[in-house]
Amino acid sequence: VAQEVFLALHRGLARYEGRSSFGTWLFGIAYHLVCRRLRQRARAAFAPLEAVERTPAPLPGAEARVDAARALERCAAILVSDTSRGQRHAVELCIGGFADAAVSSPEARRAQLLRARRRLRERVPGLEDALG
């Protein structure tokens with residue numbers, strides 16, 4: 001859209017009459033082009049009913065969900081009983097989305113997280129398969 005605004009500005013510069021400030025005129029061009037793009041996107045979002053697939057996507061089986069839940073419970077138990085405090089903290093930061101927290105250096109957090117992941121893979125066979 002930004003490129004379209006500058007192209008429209010270049011093409012319409014000869015028609016600028018100065019009745020409003022240049023910024024207001026430019027904003028008007030941008031506003032109208034954004035609105036046009038949003039209308040196009042809204043029209044494209046609606047598909048005819050014939051084009052919509054009527055079969056729902058298969059949900060993961062109950063057995064797979066139970067296996068994943070068991071694997072996660074096992075991981076939690078291992079994190080509590082068989083990893084260092086630093087490793088647990090690194091995993092908590094990663095899970096919570098706070099991997100950049102200023103608790104230790106980024107290199108130390110990465111090393112702790114790698115060690116914790118390695119321990120979980122060693123102690124929970126088939127972890128990647130269960131969590132898919």
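Let's start with Leu-114. At 48% relative accessibility, Leu-114 counts as partly exposed, because that class lies between buried, under 20% relative accessible area, and exposed, over 50% (1.4 Å probe, protein chains only). Ground rules next. This is a predicted model, where local features need pLDDT of at least 70, side-chain atom pairs count only at pLDDT 80 or more, and totals for chains, interfaces and linings use all residues. Residues are numbered from 1 along each chain as its sequence is written, and side-chain values use heavy atoms, with hydrogens and water left out.

Leu-114 sits in helix 5, residues 106–123. Helices here are DSSP runs of H or I, at least four residues, numbered from the N terminus.

Which residues of helix 5 are buried? Arg-109, Leu-113, Ala-116 and Leu-120. They cover an arc of only 65° around the axis, so they share the same side of helix 5. That arc is taken from the directions from the helix axis to the C-beta atoms. On the other side, Glu-107 and Glu-122 are exposed.

Now the second largest pocket. A pocket is an open set of points on a 1 Å grid over the protein atoms alone, where a 1.4 Å probe fits, with protein on both sides within 12 Å along at least five of seven lines; lining residues have an atom within 4 Å of a point. Helix 1 (2–12) and helix 2 (22–45) each supply at least two residues of its lining. Among the lining residues are Arg-15, Tyr-16, Glu-17 and Trp-25.
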